[in-house]
Amino acid sequence: MKKILFLLILISSCKKNEIEEITNFPEYPELGKIIPHVTINTSGKEIVDEPKIPSQMIISKDSNILYNGNIGIEIRGSSSQFFPKKSYGFETWDEKNEDLDYPLLGFPEEEDWIFYGPFSDKTLIRNKLIFELSNEMNRYASRTKFCELTINNEYKGLYIFMEKLKRDKNRINIKKLNNDDLDTNRITGGYIIKIDKSDDINGEQVYTEYTAFKSKYGLLGTNSKSIWFNYEYPKPEDIHLNQKLYIQSHINDFEDALIGNNFKDSIDGYRKYIDTESFIDFFILNELSNNVDGYRLSTYMYKDRGDKLKIGPIWDFNLSFGNANYCDGDKYDSWTHEFNDKCPGDFWIIPFWWKQLLKDEYFVEKLKKRWNQLRGNILSDGNIISKINSYTALLKDESGAIFRNYVQWRVLGIYVWPNNYVGNTYVEEVEYLKKWIINRNKWLDKSINEL
(Lines give C-alpha, C1' and ligand atoms only; values in the text may rest on other atoms or scores of the structure.)
Protein backbone atom coordinates (compact mmCIF):
# COMPACT_ATOMS: atom_id res chain seq x y z
CA MET A 1 0.00 0.00 0.00
CA LYS A 2 2.85 2.42 0.85
CA LYS A 3 4.49 1.78 -2.55
CA ILE A 4 1.19 2.40 -4.36
CA LEU A 5 0.61 5.63 -2.42
CA PHE A 6 4.16 6.82 -3.13
CA LEU A 7 3.75 6.02 -6.82
CA LEU A 8 0.53 8.09 -6.95
CA ILE A 9 2.35 11.00 -5.33
CA LEU A 10 5.15 10.67 -7.89
CA ILE A 11 2.73 10.71 -10.81
CA SER A 12 0.85 13.74 -9.51
CA SER A 13 4.07 15.70 -9.03
CA CYS A 14 5.63 14.98 -12.42
CA LYS A 15 5.24 16.62 -15.80
CA LYS A 16 3.30 14.69 -18.43
CA ASN A 17 6.43 13.66 -20.35
CA GLU A 18 7.79 11.86 -17.26
CA ILE A 19 4.63 9.92 -16.37
CA GLU A 20 5.05 7.18 -18.97
CA GLU A 21 8.46 6.16 -17.63
CA ILE A 22 7.20 5.99 -14.04
CA THR A 23 3.92 4.16 -14.68
CA ASN A 24 5.75 1.55 -16.77
CA PHE A 25 7.99 0.77 -13.81
CA PRO A 26 6.78 -2.56 -12.34
CA GLU A 27 7.80 -2.05 -8.71
CA TYR A 28 9.50 0.79 -6.90
CA PRO A 29 12.38 -0.49 -4.69
CA GLU A 30 12.86 1.03 -1.28
CA LEU A 31 15.53 3.68 -0.76
CA GLY A 32 18.86 1.97 0.03
CA LYS A 33 17.71 -1.46 -1.11
CA ILE A 34 19.91 -1.76 -4.21
CA ILE A 35 22.47 1.05 -4.01
CA PRO A 36 23.87 2.63 -0.82
CA HIS A 37 21.85 5.27 1.00
CA VAL A 38 23.84 7.96 2.80
CA THR A 39 22.23 9.97 5.59
CA ILE A 40 23.99 12.99 7.08
CA ASN A 41 22.96 14.91 10.18
CA THR A 42 24.55 18.33 10.71
CA SER A 43 22.68 19.03 13.97
CA GLY A 44 20.99 21.98 12.35
CA LYS A 45 24.15 23.65 11.06
CA GLU A 46 24.29 24.92 7.47
CA ILE A 47 26.83 23.31 5.12
CA VAL A 48 28.97 26.06 3.60
CA ASP A 49 31.89 26.45 1.18
CA GLU A 50 34.58 26.22 3.88
CA PRO A 51 35.10 25.42 6.57
CA LYS A 52 33.97 21.84 6.96
CA ILE A 53 31.37 21.48 9.67
CA PRO A 54 31.20 18.46 12.02
CA SER A 55 28.38 16.06 11.15
CA GLN A 56 27.26 12.48 11.61
CA MET A 57 27.10 10.11 8.61
CA ILE A 58 25.48 6.70 8.22
CA ILE A 59 25.87 4.61 5.06
CA SER A 60 23.48 1.70 4.71
CA LYS A 61 22.58 -0.82 2.04
CA ASP A 62 19.88 -3.48 2.23
CA SER A 63 19.46 -2.95 5.99
CA ASN A 64 23.21 -3.28 6.64
CA ILE A 65 25.14 -0.37 8.23
CA LEU A 66 28.35 0.12 6.25
CA TYR A 67 29.55 3.22 8.13
CA ASN A 68 28.36 5.11 11.19
CA GLY A 69 30.67 7.87 12.32
CA ASN A 70 31.82 11.47 12.32
CA ILE A 71 32.66 13.51 9.25
CA GLY A 72 33.49 17.10 8.36
CA ILE A 73 31.57 18.31 5.30
CA GLU A 74 31.54 21.38 3.03
CA ILE A 75 30.13 22.44 -0.34
CA ARG A 76 32.57 21.96 -3.20
CA GLY A 77 32.89 22.92 -6.85
CA SER A 78 33.21 26.10 -8.87
CA SER A 79 30.46 26.96 -11.36
CA SER A 80 28.49 23.94 -10.11
CA GLN A 81 27.91 25.75 -6.81
CA PHE A 82 25.30 27.85 -8.61
CA PHE A 83 23.15 24.74 -9.14
CA PRO A 84 20.51 23.97 -6.49
CA LYS A 85 21.81 20.41 -6.26
CA LYS A 86 25.15 20.82 -4.50
CA SER A 87 28.25 18.65 -4.49
CA TYR A 88 30.10 18.05 -1.24
CA GLY A 89 33.61 17.35 -0.05
CA PHE A 90 34.04 15.57 3.25
CA GLU A 91 36.57 13.95 5.55
CA THR A 92 36.07 10.97 7.79
CA TRP A 93 36.78 12.03 11.37
CA ASP A 94 37.31 10.25 14.68
CA GLU A 95 35.53 11.01 17.96
CA LYS A 96 37.79 14.06 18.43
CA ASN A 97 36.92 15.37 14.93
CA GLU A 98 40.41 14.62 13.67
CA ASP A 99 41.19 13.00 10.32
CA LEU A 100 40.57 9.27 10.22
CA ASP A 101 41.47 6.97 7.32
CA TYR A 102 38.59 4.62 6.54
CA PRO A 103 37.86 2.21 3.63
CA LEU A 104 34.45 3.61 2.66
CA LEU A 105 32.34 1.40 0.38
CA GLY A 106 35.27 -0.91 -0.17
CA PHE A 107 37.67 1.71 -1.52
CA PRO A 108 41.25 1.86 -0.19
CA GLU A 109 41.25 3.65 3.15
CA GLU A 110 41.65 7.43 3.15
CA GLU A 111 40.12 10.44 4.84
CA ASP A 112 39.21 12.71 1.86
CA TRP A 113 36.09 11.96 -0.19
CA ILE A 114 33.51 13.56 -2.46
CA PHE A 115 29.77 13.34 -3.07
CA TYR A 116 29.39 14.60 -6.63
CA GLY A 117 25.84 15.63 -7.55
CA PRO A 118 25.24 15.55 -11.33
CA PHE A 119 22.77 18.25 -12.34
CA SER A 120 23.36 19.64 -15.84
CA ASP A 121 24.36 16.12 -16.90
CA LYS A 122 20.89 14.58 -16.89
CA THR A 123 22.16 11.09 -17.69
CA LEU A 124 23.96 11.35 -14.33
CA ILE A 125 26.75 9.09 -15.63
CA ARG A 126 29.23 11.06 -17.74
CA ASN A 127 31.91 11.37 -15.07
CA LYS A 128 31.54 7.77 -13.94
CA LEU A 129 31.77 6.52 -17.52
CA ILE A 130 34.98 8.35 -18.45
CA PHE A 131 36.64 7.61 -15.10
CA GLU A 132 36.00 3.89 -15.45
CA LEU A 133 37.29 3.89 -19.02
CA SER A 134 40.46 5.62 -17.82
CA ASN A 135 40.98 3.03 -15.10
CA GLU A 136 40.52 0.23 -17.62
CA MET A 137 43.27 1.88 -19.68
CA ASN A 138 45.52 1.63 -16.58
CA ARG A 139 45.37 5.39 -16.08
CA TYR A 140 44.22 6.01 -12.53
CA ALA A 141 41.06 8.07 -12.17
CA SER A 142 38.91 8.48 -9.08
CA ARG A 143 37.05 5.32 -8.16
CA THR A 144 33.28 5.85 -8.13
CA LYS A 145 30.06 4.33 -6.83
CA PHE A 146 26.45 5.38 -7.11
CA CYS A 147 24.64 6.32 -3.93
CA GLU A 148 21.61 8.32 -2.80
CA LEU A 149 21.98 11.13 -0.30
CA THR A 150 19.76 12.48 2.45
CA ILE A 151 20.85 15.47 4.54
CA ASN A 152 18.94 16.47 7.68
CA ASN A 153 16.00 14.29 6.60
CA GLU A 154 15.81 15.98 3.16
CA TYR A 155 16.35 13.72 0.16
CA LYS A 156 19.03 15.21 -2.14
CA GLY A 157 19.02 12.76 -5.05
CA LEU A 158 21.38 10.46 -6.89
CA TYR A 159 25.08 11.11 -6.21
CA ILE A 160 28.44 9.71 -7.27
CA PHE A 161 30.66 8.80 -4.34
CA MET A 162 34.25 9.53 -5.39
CA GLU A 163 37.84 9.65 -4.21
CA LYS A 164 39.38 13.11 -3.94
CA LEU A 165 42.52 13.39 -6.05
CA LYS A 166 45.58 13.61 -3.81
CA ARG A 167 48.99 12.09 -3.17
CA ASP A 168 48.38 8.61 -1.80
CA LYS A 169 49.75 5.16 -2.58
CA ASN A 170 46.29 4.17 -3.86
CA ARG A 171 45.55 7.44 -5.70
CA ILE A 172 48.31 9.60 -7.19
CA ASN A 173 51.15 7.35 -6.17
CA ILE A 174 54.20 9.60 -5.87
CA LYS A 175 56.86 10.09 -3.21
CA LYS A 176 56.12 12.31 -0.24
CA LEU A 177 58.01 15.58 -0.58
CA ASN A 178 58.99 17.19 2.71
CA ASN A 179 59.98 20.81 3.03
CA ASP A 180 63.61 19.83 3.67
CA ASP A 181 63.89 17.45 0.67
CA LEU A 182 66.32 19.71 -1.16
CA ASP A 183 69.25 17.59 -2.33
CA THR A 184 69.66 16.87 -6.04
CA ASN A 185 67.79 13.57 -5.84
CA ARG A 186 64.93 14.19 -3.41
CA ILE A 187 64.00 17.59 -4.80
CA THR A 188 62.95 15.92 -8.07
CA GLY A 189 59.67 14.64 -6.64
CA GLY A 190 56.95 14.23 -6.00
CA TYR A 191 54.89 17.15 -7.24
CA ILE A 192 51.30 17.64 -8.34
CA ILE A 193 50.46 20.77 -10.31
CA LYS A 194 47.22 21.76 -11.96
CA ILE A 195 46.04 24.00 -14.80
CA ASP A 196 42.80 25.33 -13.38
CA LYS A 197 40.90 28.28 -12.01
CA SER A 198 42.47 30.28 -9.22
CA ASP A 199 40.99 31.63 -6.05
CA ASP A 200 38.07 33.91 -6.89
CA ILE A 201 38.67 37.32 -5.30
CA ASN A 202 35.86 39.88 -5.59
CA GLY A 203 34.47 38.08 -8.62
CA GLU A 204 37.80 37.94 -10.48
CA GLN A 205 40.31 35.17 -11.10
CA VAL A 206 43.48 36.19 -9.29
CA TYR A 207 46.68 34.15 -9.58
CA THR A 208 49.64 34.94 -7.33
CA GLU A 209 53.22 33.70 -7.25
CA TYR A 210 52.50 32.25 -3.82
CA THR A 211 49.92 29.79 -5.17
CA ALA A 212 50.98 29.33 -8.81
CA PHE A 213 53.54 30.07 -11.51
CA LYS A 214 53.04 31.31 -15.05
CA SER A 215 53.99 29.63 -18.31
CA LYS A 216 56.50 31.50 -20.47
CA TYR A 217 54.11 30.90 -23.38
CA GLY A 218 50.47 31.94 -23.33
CA LEU A 219 48.32 32.23 -26.40
CA LEU A 220 51.09 32.18 -29.00
CA GLY A 221 51.35 35.31 -31.09
CA THR A 222 49.63 37.49 -28.49
CA ASN A 223 50.45 39.09 -25.15
CA SER A 224 46.91 38.98 -23.83
CA LYS A 225 46.61 35.47 -22.43
CA SER A 226 48.48 33.58 -19.71
CA ILE A 227 48.50 30.00 -18.50
CA TRP A 228 49.12 29.37 -14.81
CA PHE A 229 50.15 26.20 -13.00
CA ASN A 230 48.70 25.90 -9.49
CA TYR A 231 50.70 24.20 -6.74
CA GLU A 232 48.54 21.24 -5.72
CA TYR A 233 51.13 19.18 -3.83
CA PRO A 234 52.97 20.25 -1.82
CA LYS A 235 50.49 22.99 -0.94
CA PRO A 236 51.69 26.62 -1.26
CA GLU A 237 52.11 26.87 2.50
CA ASP A 238 54.27 23.73 2.59
CA ILE A 239 56.44 23.90 -0.52
CA HIS A 240 59.99 25.24 -0.18
CA LEU A 241 61.14 28.04 -2.48
CA ASN A 242 63.82 25.78 -3.97
CA GLN A 243 61.16 23.18 -4.73
CA LYS A 244 59.05 25.82 -6.45
CA LEU A 245 62.05 26.78 -8.55
CA TYR A 246 62.72 23.13 -9.43
CA ILE A 247 59.23 22.32 -10.74
CA GLN A 248 59.04 25.68 -12.52
CA SER A 249 62.35 24.93 -14.21
CA HIS A 250 61.18 21.49 -15.32
CA ILE A 251 58.03 22.90 -16.93
CA ASN A 252 60.00 25.75 -18.50
CA ASP A 253 62.58 23.35 -19.93
CA PHE A 254 59.83 21.13 -21.33
CA GLU A 255 58.09 24.05 -23.04
CA ASP A 256 61.37 25.47 -24.36
CA ALA A 257 62.26 22.08 -25.82
CA LEU A 258 58.80 21.56 -27.30
CA ILE A 259 58.74 24.91 -29.06
CA GLY A 260 62.38 24.71 -30.16
CA ASN A 261 63.65 23.79 -33.60
CA ASN A 262 64.95 20.46 -32.32
CA PHE A 263 61.74 19.46 -30.53
CA LYS A 264 61.42 16.09 -32.31
CA ASP A 265 64.84 14.88 -31.14
CA SER A 266 64.53 11.81 -28.93
CA ILE A 267 67.41 12.88 -26.67
CA ASP A 268 67.29 16.67 -26.46
CA GLY A 269 63.68 17.33 -27.49
CA TYR A 270 60.49 17.36 -25.43
CA ARG A 271 60.62 13.61 -24.74
CA LYS A 272 63.43 14.27 -22.29
CA TYR A 273 60.93 15.88 -19.93
CA ILE A 274 57.53 14.17 -20.29
CA ASP A 275 56.06 10.69 -20.26
CA THR A 276 54.74 10.54 -23.83
CA GLU A 277 52.38 7.63 -23.22
CA SER A 278 50.50 9.51 -20.49
CA PHE A 279 50.06 12.50 -22.79
CA ILE A 280 48.68 10.24 -25.53
CA ASP A 281 46.11 8.64 -23.23
CA PHE A 282 45.13 12.04 -21.83
CA PHE A 283 44.64 13.29 -25.40
CA ILE A 284 42.51 10.27 -26.28
CA LEU A 285 40.21 10.60 -23.26
CA ASN A 286 39.63 14.31 -23.81
CA GLU A 287 39.05 13.90 -27.54
CA LEU A 288 36.85 10.84 -27.10
CA SER A 289 34.48 12.92 -24.97
CA ASN A 290 35.05 16.34 -26.60
CA ASN A 291 35.49 17.73 -23.10
CA VAL A 292 34.94 21.49 -23.57
CA ASP A 293 37.04 22.15 -20.44
CA GLY A 294 39.70 19.69 -21.54
CA TYR A 295 43.41 20.61 -21.45
CA ARG A 296 42.71 24.07 -19.95
CA LEU A 297 40.81 23.42 -16.68
CA SER A 298 40.95 20.64 -14.07
CA THR A 299 44.14 19.43 -15.77
CA TYR A 300 46.37 17.59 -13.31
CA MET A 301 50.03 16.76 -13.83
CA TYR A 302 52.44 15.02 -11.52
CA LYS A 303 56.16 14.30 -11.34
CA ASP A 304 57.53 11.55 -9.17
CA ARG A 305 61.08 11.50 -7.81
CA GLY A 306 63.58 10.80 -10.58
CA ASP A 307 60.79 10.47 -13.15
CA LYS A 308 59.41 12.46 -16.07
CA LEU A 309 56.31 14.66 -15.97
CA LYS A 310 53.05 12.74 -16.42
CA ILE A 311 49.66 14.25 -17.18
CA GLY A 312 46.48 13.18 -15.37
CA PRO A 313 44.45 11.92 -13.64
CA ILE A 314 41.48 13.18 -15.63
CA TRP A 315 38.88 15.19 -13.73
CA ASP A 316 35.52 16.92 -14.21
CA PHE A 317 33.89 15.70 -17.43
CA ASN A 318 30.30 16.76 -16.71
CA LEU A 319 30.38 19.06 -19.77
CA SER A 320 31.64 16.35 -22.09
CA PHE A 321 30.03 13.93 -24.56
CA GLY A 322 27.97 16.65 -26.26
CA ASN A 323 26.69 18.31 -23.08
CA ALA A 324 27.81 21.90 -23.79
CA ASN A 325 26.24 24.39 -26.20
CA TYR A 326 29.30 26.62 -26.66
CA CYS A 327 32.72 26.44 -28.33
CA ASP A 328 31.69 23.34 -30.34
CA GLY A 329 31.10 21.38 -27.15
CA ASP A 330 28.06 19.84 -28.82
CA LYS A 331 29.85 18.62 -31.93
CA TYR A 332 31.07 15.08 -32.47
CA ASP A 333 33.16 16.14 -35.50
CA SER A 334 35.40 18.84 -34.01
CA TRP A 335 38.85 18.64 -32.38
CA THR A 336 38.77 19.50 -28.69
CA HIS A 337 42.40 20.62 -28.62
CA GLU A 338 41.61 23.40 -31.13
CA PHE A 339 39.55 25.26 -28.52
CA ASN A 340 41.72 28.40 -28.78
CA ASP A 341 40.85 28.74 -32.48
CA LYS A 342 37.13 28.34 -31.82
CA CYS A 343 36.90 30.49 -28.68
CA PRO A 344 39.95 32.79 -28.54
CA GLY A 345 38.17 35.19 -26.22
CA ASP A 346 37.84 32.73 -23.35
CA PHE A 347 39.80 33.55 -20.18
CA TRP A 348 41.22 30.01 -19.86
CA ILE A 349 43.15 28.75 -22.86
CA ILE A 350 44.84 25.52 -23.91
CA PRO A 351 48.66 25.32 -23.84
CA PHE A 352 50.35 25.22 -27.24
CA TRP A 353 51.61 21.73 -26.40
CA TRP A 354 49.03 19.68 -28.26
CA LYS A 355 49.30 21.28 -31.69
CA GLN A 356 53.07 21.04 -31.43
CA LEU A 357 53.02 17.40 -30.33
CA LEU A 358 50.88 16.54 -33.35
CA LYS A 359 53.65 17.90 -35.60
CA ASP A 360 55.93 15.11 -34.40
CA GLU A 361 55.62 11.94 -36.47
CA TYR A 362 56.79 9.85 -33.50
CA PHE A 363 53.95 11.14 -31.29
CA VAL A 364 51.36 10.79 -34.05
CA GLU A 365 52.30 7.22 -34.88
CA LYS A 366 52.16 6.20 -31.22
CA LEU A 367 48.79 7.97 -30.93
CA LYS A 368 47.38 6.09 -33.92
CA LYS A 369 48.63 2.76 -32.60
CA ARG A 370 47.20 3.37 -29.13
CA TRP A 371 43.83 4.58 -30.46
CA ASN A 372 43.39 1.62 -32.77
CA GLN A 373 44.40 -0.78 -30.00
CA LEU A 374 41.87 0.72 -27.59
CA ARG A 375 39.12 0.75 -30.20
CA GLY A 376 39.48 -3.02 -30.40
CA ASN A 377 38.53 -3.48 -26.76
CA ILE A 378 38.20 -0.82 -24.04
CA LEU A 379 37.00 2.01 -26.29
CA SER A 380 34.95 -0.13 -28.64
CA ASP A 381 31.37 0.99 -29.20
CA GLY A 382 30.23 -2.29 -27.69
CA ASN A 383 32.15 -1.89 -24.43
CA ILE A 384 31.12 1.74 -23.94
CA ILE A 385 27.44 1.12 -24.72
CA SER A 386 27.47 -1.93 -22.47
CA LYS A 387 28.71 0.22 -19.59
CA ILE A 388 26.01 2.80 -20.19
CA ASN A 389 23.35 0.09 -20.30
CA SER A 390 24.57 -1.41 -17.02
CA TYR A 391 24.53 1.98 -15.28
CA THR A 392 21.05 2.88 -16.48
CA ALA A 393 19.65 -0.56 -15.70
CA LEU A 394 20.93 -0.20 -12.13
CA LEU A 395 19.67 3.35 -11.70
CA LYS A 396 16.35 3.10 -13.52
CA ASP A 397 15.11 -0.47 -13.57
CA GLU A 398 16.70 -2.01 -10.47
CA SER A 399 17.01 0.70 -7.81
CA GLY A 400 14.48 3.35 -8.78
CA ALA A 401 17.08 6.05 -8.06
CA ILE A 402 16.35 7.84 -11.35
CA PHE A 403 12.72 8.41 -10.39
CA ARG A 404 13.51 9.64 -6.92
CA ASN A 405 16.18 11.98 -8.29
CA TYR A 406 13.90 13.53 -10.91
CA VAL A 407 11.01 13.99 -8.53
CA GLN A 408 13.39 15.97 -6.31
CA TRP A 409 15.00 17.80 -9.24
CA ARG A 410 12.39 18.32 -11.98
CA VAL A 411 14.71 19.29 -14.82
CA LEU A 412 13.84 16.69 -17.46
CA GLY A 413 12.57 18.59 -20.47
CA ILE A 414 14.04 21.84 -19.13
CA TYR A 415 17.23 23.61 -20.23
CA VAL A 416 19.98 23.66 -17.60
CA TRP A 417 23.16 25.55 -18.48
CA PRO A 418 24.91 24.61 -20.70
CA ASN A 419 22.80 21.79 -22.18
CA ASN A 420 23.06 21.31 -25.92
CA TYR A 421 20.35 18.65 -25.95
CA VAL A 422 17.22 18.69 -23.78
CA GLY A 423 15.42 15.36 -23.67
CA ASN A 424 11.88 15.03 -22.38
CA THR A 425 12.69 11.80 -20.52
CA TYR A 426 15.68 10.11 -18.95
CA VAL A 427 15.62 7.49 -21.70
CA GLU A 428 15.91 10.22 -24.34
CA GLU A 429 18.90 11.75 -22.53
CA VAL A 430 20.67 8.38 -22.47
CA GLU A 431 19.87 7.63 -26.12
CA TYR A 432 21.32 11.01 -27.13
CA LEU A 433 24.53 10.15 -25.24
CA LYS A 434 24.83 6.74 -26.94
CA LYS A 435 24.30 8.12 -30.44
CA TRP A 436 26.71 10.97 -29.82
CA ILE A 437 29.45 8.56 -28.70
CA ILE A 438 28.99 6.27 -31.70
CA ASN A 439 29.21 9.24 -34.08
CA ARG A 440 32.22 10.62 -32.22
CA ASN A 441 34.10 7.33 -32.39
CA LYS A 442 33.41 7.01 -36.11
CA TRP A 443 34.75 10.54 -36.71
CA LEU A 444 37.83 9.93 -34.54
CA ASP A 445 38.59 6.65 -36.32
CA LYS A 446 38.91 8.59 -39.53
CA SER A 447 40.46 11.79 -38.15
CA ILE A 448 43.15 10.21 -35.97
CA ASN A 449 44.26 7.82 -38.67
CA GLU A 450 44.51 10.70 -41.14
CA LEU A 451 46.78 12.81 -38.92
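Predicted model: local features only at pLDDT ≥ 70, side-chain atom pairs only at ≥ 80, totals over all residues.
Residues are numbered from 1 along each chain as its sequence is written, and side-chain values use heavy atoms, with hydrogens and water left out.

Those two cysteines are bonded to each other: a disulfide (a pair of cysteine sulfur atoms within 2.5 Å) links Cys327 with Cys343, at an S to S distance of 1.8 Å. The structure holds 1 disulfide. Its S-S torsion is about -115 degrees, so the disulfide is left-handed. As for what it connects, Cys327 sits in the loop between strand 14 (309-311) and helix 6 (339-342), and Cys343 in the loop between helix 6 and helix 7 (353-357), so the pair ties together parts that are 16 residues apart in sequence. Helices (H or I, at least four residues) and strands (E, at least two) are DSSP runs, numbered from the N terminus. Another cysteine, Cys147, counts as buried because its relative accessibility is 0%.

Next comes the nonpolar interior. A nonpolar core here is a set of buried Ala, Val, Leu, Ile, Met, Phe, Trp, Tyr and Cys residues joined through side-chain atoms within 4.5 Å. The largest such core has 101 residues, and those touching the most other members include Phe229, Phe279, Trp353 and Trp354. Helix 11 (residues 426-449) supplies the largest share of this core, with 8 residues. Leaving aside neighbours within four places in sequence, Trp353 is in contact (heavy atoms within 4.5 Å) with Ile195, Phe229, Phe254, Glu255, Leu258, Phe279, Met301 and Ile311. There is also a second, separate core of 22 residues, with Met57, Tyr88, Phe90 and Phe161 among them.

Then there is strand 13 (residues 299-303): 4 of its 5 residues are buried, so the strand is largely enclosed by the rest of the structure. Strands count as paired if DSSP finds at least two bridges between them. Strand 13 runs antiparallel to strand 8 (residues 191-195), with 5 bridges joining the two; Tyr191 has Lys303 of strand 13 as its bridge partner. Strand 13 also pairs with strand 14, again antiparallel, over 3 bridges, and here Tyr302 is partnered by Lys310 of strand 14. The hairpin of strand 13 and strand 14 has 5 residues between the strands, and in this hairpin Gly306 takes a positive phi near 70 degrees.

Methods. Buried < 20%, exposed > 50% of the residue type's maximum accessible area, 1.4 Å probe, protein only.
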